[in-house]
Amino acid sequence: MRFNLIVLPGDGVGPEVIAETVKVLQAIGKRYGHIFNISERLVGGAAIDAEGVAVSAETVRLCKKADAVLLGAVGGPKWDDPLAKVRPEDGLLELRKSLGLFANLRPVHVYPVLVDSTNLKPEVIRGVDFVFVRELTGGLYFGRPKKRWQTEKGRQAVDSMLYSEHEIERIVRVGFEMAKRRQKKLISVDKANVLESSRLWRQVAVEVSEDYPDVELEHMLVDACSMRIIQNPKYLDTLVTENTFGDILTDEASMLAGSMGMLPSASIAGVPQSGAKIFGLYEPIHGSAPRRAGLDMANPIATILSAAMMLRYSLALEKEASAIEKAVEDALNEGYRTYDIMSVGKRKLGTGEMGDIIAGKVGG
Ligand code: IPM
Ligand code: MG
């Protein structure tokens, strides 16, 4: 089959991890007889420098027409001025909003061979496997008012955690659908003891749960959830939460997997159904890591696993997605490591070498 993909390498280590992922996709294409037509466009700081905007209207238009989008990372100190008119992150937010990508799936899987690469005790993290469903186009990131102003007593600023019933309903539904295919236990994370938006969230979650009698719904406060992630992560299976809570909790959760460089993500425009194609943008959860850029040090696995999610959800290529996931697991089992997941006695690889190993395994 033939697929049109837009690739947005972005900033920092983005171009390096994307290059390795494209290698892996080409290997998949060769082995399974698919053609991936890949067009590269700019996003983030790279787009600000070359096009004056964090993502151009033309790039957004091309993304809408594509089968899926693969993104590296955006941001860096060069564009970090707090008073800047345009920021690299605006490009990512604009893409999420204008492509309607309201659901962000962030699986957290602890590979057995990496239990010694984390700061936590092996008995706590062995066997951990859960997925965060993060709301991606609402809450503090997009709610209005959002501004800064001067008063007689000094400066003030506001962001608004605004949610409509409809936004909550559709993301909670994604949570239930994911939970249905997993352990049938959904945890809805909120701060209903303090926030009005969370109280609405909780109410809507209970209403949606009536359509899923076979899934058990539990409410968990966000502060308790952050504790649970460290204290007993095996308790978790499927979690659904609003945008900012999800942003923070998933960085925390990535530490269970050994490194942020291990966590993929899928931002999708609807409820995933097996065998159906759903439009999405795929990216590692890590950022642009500017200090590591150009040093061949970044771990490409998060982006490679994001491409596997792309094959699964947007291209309905389950077999090919599993082939990538198996290649990653095999490479880790054979002792290959990038510096971020390095431990004594293992073979330390650069970004390019890790990409070659995985692409080689995928190629069969
Ligand atoms: C993420 C990132 C982004 C976010 C940034 C880069 C805007 O941290 O995808 O988690 O906050 O959503
Ligand atoms: Mg984040």
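Y163 counts as buried because its relative accessibility is 8%, where buried means under 20% relative accessible area, exposed over 50% and partly exposed in between, with a 1.4 Å probe and protein chains only. The model is a predicted one, in which local features need pLDDT of at least 70 and side-chain atom pairs count only at pLDDT 80 or more, while totals for chains, interfaces and linings use all residues. Residues are numbered from 1 along each chain as its sequence is written, and side-chain values use heavy atoms, with hydrogens and water left out.

The structure contains 4 aromatic pairs, that is, rings of Phe, Tyr and Trp (its six-membered ring) whose centres lie within 6.5 Å, with planes under 30 degrees apart counted as stacked, over 60 as edge-to-face and the rest as tilted. One of them joins F130 to F132 edge-to-face, at 6.0 Å centre to centre and 75° between the planes; F130 is buried, at 1% relative accessibility, and F132 is buried as well, at 0%. Another edge-to-face pair is formed by Y163 and W201, with 5.6 Å between centres and 75° between the planes. Because Y163 lies in the loop between β7 (154-158) and α6 (165-181) and W201 in helix α7 (residues 196-209), this pair ties together parts that are 38 residues apart in sequence. W201, at 2% relative accessibility, is buried.

Across the protein chain, buried residues account for 54% of the 364 residues. Of the contacts (heavy atoms within 4.5 Å) between residues at least 6 apart in sequence, 75% join residues at least 24 apart.

Definitions and conventions. Chains lettered and ligands numbered in written order. Helix = DSSP H or I, 4+ residues; strand = E, 2+ residues; numbered from the N terminus.
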